[in-house]
Amino acid sequence: MPETGAAGPAASGQENKRGGSAMDGEAAAPPATGVLDKLFGKRLLQAGRYIMSNKSWMKTVPTENCDVLMTLADTTDDHTLLWLLNHIRLGIPELIIQIRHHKHTRVYAFFVTATYESLLRGADEIGLRKPVKAEFGGGMHSFSCEEDYIYENIENELYFFTSQERQNIIRYWLENLRAKQGEVLHNIHFLEGQPIIPELAARGILQQVFPIHEQRILNRLMKSWVQAICEAQPLDEICDYFGVKIAMYFAWLGFYTSAMVYPAVLGSLLYTFTENDQTSRDICSVIFAIFNVIWSTL
């Protein structure tokens, strides 16, 4: 943003010179641009900074070292930063946290991840359902560390957990970080057992807590889903990455779009070949209505 501010006066001067030479002998237009700048310029600038802030964080995050990103307000002092960091490290020792400072937005962020062994214990804790090997009966079963050998891909640390499952486990730990009796942070007095992260988010100390995309999977989905126009949607991959709800939405959207082809074709034909008299229009409307009733029940 500094470059924009520095270039402003020079660009304005050049515009004034060009404007003066081009408009000699003509009436001057009202200064509407200046009014609009005063009304909307500040808000647009703030919105642009907010959008660029999120994009900058997303681009600077190495996915291998981060599953969940927590950003703090730019007014956060060192005491609050260390207080939250110590509580997370003591309350959730399974997490690995790195602190980074974004030079453009002047915002601190916690880069949160966990080791594979910690994630296995977390999957056991939340009862995460994972596929079982065929020799042990197959199907889906709640994960158990005591019988971890029965699950598919348990030996592969990169592919046993999806990014969504890793993030769900970390989110569960963060949301269950509780305050002890009498804990105080500035003017925030925590109750015993009160969740810390939601309270800090409600007070504006934590700006955002969001998961990080896995670029490798996004690139694969871009080729097999977005760019593959005439091919079936990879619903299993969508479900594995975005979750069941998103996969169900696009499955229904694809089905509905395909089903709409038939009434669209019939409606186009009736519209094309219908004569201009009222009787022909009424007959075609009745035919199309009967077709829609039958089509909607199939």
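Student: Where does Glu147 lie, between which strand and which helix?

Tutor: This is a predicted model. In it, Glu147 sits in the loop between β5 (140-142) and α5 (163-175).

Student: Why is Glu147 called partly exposed?

Tutor: Its relative accessibility is 37%. Buried means under 20%, and exposed means over 50%. The value for Glu147 falls in between, so Glu147 counts as partly exposed.

Student: What makes the surface patch with Glu147 negative?

Tutor: Look at its members: Asp124, Glu125, Glu146 and Glu147. Asp and Glu count as negative. Therefore the patch they form is a negative one.

Student: Which residues make the nonpolar surface patch?

Tutor: Val261, Tyr262, Val265, Leu269 and Phe273 make that patch, with an area of about 550 Å². Val265 belongs to helix α10 (residues 261-273).

Student: What does the UniProt record say about residues 249-271?

Tutor: The unreviewed UniProt entry annotates them as "transmembrane region". In the model, this stretch is 96% helix and 0% strand. Its end C-alpha atoms are 32 Å apart.

Student: How do you know that Lys130 and Glu165 form a salt bridge?

Tutor: Their closest N and O atoms are 2.8 Å apart. The cut-off is within 4 Å, so the pair qualifies. Side chains of opposite charge can pair when their charged atoms come close.

Student: What does the pair Lys130 and Glu165 tie together?

Tutor: Lys130 lies in strand β4 (residues 129-131) and Glu165 in helix α5, so the bridge links parts that are 35 residues apart in sequence. Both residues are buried.

Student: How many salt bridges are there by this rule?

Tutor: The count is 7. One of them joins Glu199 and Arg203, at 2.9 Å from N to O. Another joins Glu214 and Arg216, at 2.6 Å.

Student: Are Glu199 and Arg203 buried or partly exposed?

Tutor: Glu199 has 17% relative accessibility, under the 20% cut-off, so Glu199 is buried. Arg203 has 44%, so Arg203 is partly exposed.

Student: Why is Glu214 called buried?

Tutor: Its relative accessibility is 17%. That is under 20%, so Glu214 counts as buried.

Terms used. Residues numbered from 1 in each chain as written. Predicted model: local features only at pLDDT ≥ 70, side-chain atom pairs only at ≥ 80, totals over all residues. Heavy atoms only, no water. Patch = residues over 30% accessible without salt bridge, like charges linked within 9 Å, V, L, I, M, F, W, Y side chains within 5 Å. Areas by Shrake-Rupley, 256 points an atom, 1.4 Å probe, with all protein chains shown as cover. Salt bridge = Lys/Arg side-chain N within 4 Å of Asp/Glu carboxyl O. Charge placed at Lys NZ, Arg CZ, Asp CG, Glu CD. Helix = DSSP H or I, 4+ residues; strand = E, 2+ residues; numbered from the N terminus. Buried < 20%, exposed > 50% of the residue type's maximum accessible area, 1.4 Å probe, protein only. UniProt positions renumbered as here; feature names shortened; annotations may be inferred.
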